[in-house]
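Hi,

Here is the structure I promised to pass on.

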Amino acid sequence: MWCLKSLSGLSCLGVFAFWLGVSPGQVEASTRVCFSLRKTAQYERAAQCYLKLFRGVDKHAIWRKDAGLFKDRFLRQAARSYIQMSRKSRSMGQKNYMKMQAVRYLKLSFKKGYCEAADRCRSNGLVAEKIEKSVRFTSLAVIT
């Protein structure tokens with residue numbers, strides 16, 4: 001092959017990825033960063049990292065093929081990070097805010113149809129309902 005002969009050591013895939021503007025390790029590196037942030041209990045940064053990946057799915061040639069799968073995965077991971085962050089929080093207001101953020105992203109995945117398997121959609125919905133029930137709101141009637 002011409003690319004193996006001319007570039008001495010670089011694979012054709014690497015050349016093609018470079019031509020597209022995406023390095024082969026770039027995609028994996030960002031998911032690894034998010035994963036390591038979550039493993040080191042930096043949940044807020046991990047959630048923001050997963051949301052950044054969610055917004056960038058359409059830009060990556062590798063992820064674009066299964067965009068729904070990756071978007072669902074990143075939204076679920078962001079939601080899990082918010083849930084774990086709510087467990088660490090001490091104030092009730094902050095706990096509820098973090099839980100509602102998790103519900104927001106789980107419902108977004110369900111509403112947009114990113115979860116391709118029926119089991120996954122159902123489990124996202126059940127988790128969102130369970131979290132919503134744990135956040136207690138009171139009704140407020142305003143009479144003018």
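Predicted model: local features only at pLDDT ≥ 70, side-chain atom pairs only at ≥ 80, totals over all residues.

While you're on α4, check which of its residues are buried: Tyr43, Ala46, Ala47, Cys49, Tyr50, Leu51, Leu53 and Phe54.

Next, the charged pairs. Side chains of opposite charge can pair when their charged atoms come close. I counted a salt bridge wherever a side-chain nitrogen of Lys or Arg is within 4 Å of a carboxyl oxygen of Asp or Glu, and the count comes to two.

One of them joins the side chains of aspartate 72 and arginine 76, at 3.3 Å from N to O. Both residues lie in helix α6 (residues 67–88), four residues apart, or about one turn of the helix. That spacing makes sense, because an α-helix has 3.6 residues a turn, so residues three or four places apart point the same way. Aspartate 72 is buried at 3% relative accessible area, and arginine 76 also counts as buried, at 17%.

The other salt bridge is between lysine 107 and glutamate 132, with the closest N and O atoms 3.0 Å apart. This pair links distant parts of the chain, 25 residues apart: lysine 107 is in helix α7 (residues 92–112) and glutamate 132 in helix α8 (residues 118–134). Lysine 107 is partly exposed, with 39% relative accessible area, and glutamate 132 is partly exposed too, at 30%.

Cheers

Note on methods: Residues numbered from 1 in each chain as written. Heavy atoms only, no water. Helix = DSSP H or I, 4+ residues; strand = E, 2+ residues; numbered from the N terminus. Buried < 20%, exposed > 50% of the residue type's maximum accessible area, 1.4 Å probe, protein only.
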